[in-house]
Amino acid sequence: MRGTKYLTFVAGLILASPTLALAGTDGPAHGMAMHGEVKYGPAFAHFDYVDPGAPKGGEDVRRAIGTFDSLNPFIIQGNPAAGIGLIYDTLTTSSADEAFTQYCLLCTTMEIPDNRSWVEYELRDDVVWHDGKPVTPADVIFSFNALREKGAPFYRFYYRDVTKVEQTGPNKVKFSFGDAQNPELPLIIGQLPILPAHYWKSRDIGKTTLDVPLGSGPYRISDVKVGRSLTLERVPEYWGRNHPVNIGRNNIDTLRFEYFRDPGVSRIALISGDLDRMRENSSKAWATEYTGTKPFLDGKLIMGEFPHQRTAPIQGFVFNLRRPLFADRDVRAALSLAFDFEWSNKNLFYDAYTRTDSFFDNSELGSRGLLAEAGSEEQEILERFRDKLPAEVFTKSYAPPATDGSGVRGVRSNLHKAAKLLDTAGWVIRDGKRVNAETGVPFQFEILLGSQTFERVALPFARNLDKLGIEAKVRLVDASQYRERTDNFDYDMISGIWGQSESPGNEQLEFWSSASSDRNGSRNLIGIADPVIDELIELVVTAPNRESLVQRTRALDRALIWGNYVIPHWHITTDRLVYWDRYGIPEIVPRGGVQLDTWWIEPDKDAAIHAYRGNR
């Protein structure tokens, strides 16, 4: 069932590993860890990072940016509404204080053999849809088949190695994986959203819809104003309200997602009291928009920073390799030299960020130092591909181009290096413009943006490119057009981002594999189609233990970062939230960062905030 060739080298390396033996569940179990033991035993009462006594109630108004025109979040067509995932349950759920562990939610037990060649779930007998009908194995089988056949490309990549799905008992469902060496698969099967077969029987899940869908989760949709707002209400009779994984979570009765075209307007709405809380991703806004306002000075509007230990996402200016202009790695390296992060950090970001230098930064998964110093499995793997990888993989320690942050003078040295690379690559200066030496075609491209926030980053970058004789036009489009163009890879360069986990696996196939490079709607925004990268991804997916996963991920990281596929941006190791002082917040922040679904509304605080807002 593999979408790419399972090469002899990969199979040989896995079979040669002395630690191939994987941990199963030793019979039916309540949870399963990717590597090692689960933290929470079968009789656990709740996760450590919640307050089990958190009260229920209140209304929470949150922001969403752009628009929505669909209530179907499972396909690439349309713009799905924010928060809609809260109406659905999954077979299992993860904890935020472990690298990758799944605990039963819709199931009572899950069983996995030591070779992880199948997983069998026994469903709970008290699970019902919001219309009162029971959730059955038929719903699970329908969901899997429907999403893999008609859902977004993500589902096909994620579940490509499933060879059979069958009902094996009155309340049991079994997923078989054939000969696939994919130890992560039993866990990610549990993340499958389960849909009601009886509801979708007369509807096409492959199409957008504004009909209110049926779910089984903690919330249901109570009001829809297309493109403006979506309101969810907590289901009082929710079947899973007393489940250990849900204790202390989903505490707020009503969640309303208000849409804004512009993030700046949403900040005004927050300060004025029309929104209750939001994450703040703009360092400029964090530094300048809130501290001088009356609600902040009065102690009613809180700016909270919550540390996390998550693997940093890889964000950067993305080269679309489907464009011949960016086919040459040295050309991509030259353009990277024109991005002055240090100046941007100083002048735009208030020195809030750290430059990203890995596809798996802020974690043990990222490659560091010289390969010769890394040793072990990482070096062994990459040596096998020595003649197919950039020489720098073996001779240099990666660091993105840097400047002194002073601006024009500071970046001059880098631009000089970039000009030499471009000249050597056949892009020369004629009449002040960079052109192809053979054809005379000018070097020009478009930087497509979907957020006004990034204009202030892209425009200085474009000015530096202009000094090289390159014309880079910055174009801002609305959310719908941006999604349509990115889904169809209709761009030269964008500002892209990929979230990374502490346990990378099958999602890497959609990010960087040849199979995903020509599939519209995939997350292979770069268009990487490299057999070496494919093999390195396979090694990550099939890692037999945590130590091997780390080594294999570092090998993949080193190949990706030296491919010059993106111009790396930056990251931060805290979650920044701005919120009105009306919430109760658990004392423990797990390694995964702040968990908003564990917050609750304190009645006394809420009354005081309502009174304060009313008197302004």
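How many salt bridges does the count come to? The points below answer this and describe the nonpolar cores.

1. The structure is a predicted model, in which local features need pLDDT of at least 70 and side-chain atom pairs count only at pLDDT 80 or more, while totals for chains, interfaces and linings use all residues. Residues are numbered from 1 along each chain as its sequence is written, and side-chain values use heavy atoms, with hydrogens and water left out.

2. The count comes to 41 salt bridges, a salt bridge being a side-chain nitrogen of Lys or Arg within 4 Å of a carboxyl oxygen of Asp or Glu.

3. One of these pairs joins Arg-613 to Asp-276, with an N to O distance of 2.8 Å. Arg-613 belongs to helix H21 (residues 603–615), whereas Asp-276 sits in the loop between helix H6 (263–272) and strand S12 (277–279), so the pair ties together parts that are 337 residues apart in sequence. Helices (H or I, at least four residues) and strands (E, at least two) are DSSP runs, numbered from the N terminus. Arg-613 is buried at 17% relative accessible area, and Asp-276 is buried at 4%. Here buried means under 20% relative accessible area, exposed over 50%, and partly exposed in between (1.4 Å probe, protein chains only).

4. Arg-613 and Asp-276 also belong to a network of salt bridges that links them with Asp-60, Arg-62, Arg-277, Arg-582 and Asp-606.

5. Glu-233 and Arg-220 form another salt bridge, their closest N and O atoms lying 2.9 Å apart. Glu-233 is in strand S10 (residues 229–234) and Arg-220 in strand S9 (residues 219–225), so this pair ties together parts 13 residues apart in sequence. Glu-233 is partly exposed at 29% relative accessibility, as is Arg-220 at 23%.

6. Asp-298 pairs with Lys-294 in a salt bridge whose closest N and O atoms are 2.6 Å apart. Asp-298 is partly exposed, at 35% relative accessible area, whereas Lys-294 is exposed, at 51%.

7. The largest nonpolar core has 76 residues, of which Tyr-159, Phe-175 and Ile-189 touch the most other members. Helix H2 (residues 137–150) gives the most to this core, with five residues. A nonpolar core is a set of buried Ala, Val, Leu, Ile, Met, Phe, Trp, Tyr and Cys residues joined through side-chain atoms within 4.5 Å. A second, separate core has 45 residues, among them Leu-448, Val-541, Leu-560 and Ile-561.

8. Leaving aside residues up to four places away in sequence, Ile-189 touches Leu-91, Val-119, Tyr-121, Phe-144, Tyr-159, Val-162, Phe-175 and Phe-177. Contact here means heavy atoms within 4.5 Å.
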